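Dear colleague,

I am passing this structure on to you, and below it you will find some notes on what turned up in it. Please read them with the structure open beside you.

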Amino acid sequence: LNGNNKDEAAALLKGGIAGHPDNLALHLALADVYNRQQKTAEASEQLKEIIRLDPDNLAHRVRLANYDAGLGNVAEAEQVLRQAVADLAESGPAKLALVKFMEERHEQKDAERELLAFIERSPKDEALRFGLAGLYQEAGELDKAEAVYREIIERDDVSPKGLEARIRLARVLIRKDKVQDAQTVLHEVLKENASDNDALILLGSIALAKKDAGNA
């Protein structure tokens, strides 16, 4: 779009919004046009309006946070996500979005503290524990990641979450060169679900690494 086309597009979209003020697609399109015009304040206002219209949709809040962060407004972006956590109090994904944002900005210890506090307040939310283990994996703290996955397994046994924890634990054990332990864990998964693709692929990869083509 050239300058004139952008102005015309903005005018058309504003006219559409006047007639259909609750249309999220129109607000998003106008935000995009404003962004192309480098009217960042106006673009941000449209993204905020989308949140006001659809407050329970986390994706809108993440979009605004990413937009703010892209402009260098990291503190504002973090506040958007903290507000999401406050507004969507029972949303594990909102909490994980905040933690991921902090982790990506090299605040790993702060992200860890935040996530541990969330887990303390919502101890039955296993998604938060998976997030904590993943945080440790990203940081290369494999012993801590292993401990969290084993805790999930102890809590959830052979439920779907327990089996998923075993798959992720196996990946950690492989990284720690504990291949035999990883195989044992994977066979526990297959005992409950003989067609688990992730377990089969990991066992096949282990066999290939050992040049055991038949088992692979």
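In these notes, buried means under 20% relative accessible area, exposed means over 50%, and partly exposed lies in between (1.4 Å probe, protein chains only). This is a predicted model, in which local features need pLDDT of at least 70 and side-chain atom pairs count only at pLDDT 80 or more, while totals for chains, interfaces and linings use all residues. Residues are numbered from 1 along each chain as its sequence is written, and side-chain values use heavy atoms, with hydrogens and water left out.

In helix α8 (residues 126-138), the buried residues are E126, L128, R129, F130, L132, A133, L135, Y136 and Q137; helices here are DSSP runs of H or I with at least four residues, numbered from the N terminus. Among the elements that cover these buried residues are α6, α7 (108-121), α9 (142-156) and α10 (160-175).

Helix α5 (residues 74-87) packs against helix α6 (residues 92-104) at an angle of about 160°, and their axes are 8 Å apart, where axes are lines fitted to C-alpha atoms over the stretch in contact and angles run from 0 to 180 degrees between N-to-C directions. That makes α5 roughly antiparallel to α6, a term used for angles over 145 degrees. On the α5 side the contact (heavy atoms within 4.5 Å) is made by V74, A77, E78, L81, R82, A84 and V85, and on the α6 side by A94, K95, A97, L98, F101 and M102.

Finally, N5 is found in helix α1 (residues 3-19) and is partly exposed, with a relative accessible area of 33%.

Methods:
Helices (H or I, at least four residues) and strands (E, at least two) are DSSP runs, numbered from the N terminus. Angles under 35 degrees count as roughly parallel, over 145 as roughly antiparallel, 65 to 115 as roughly perpendicular and the rest as oblique.
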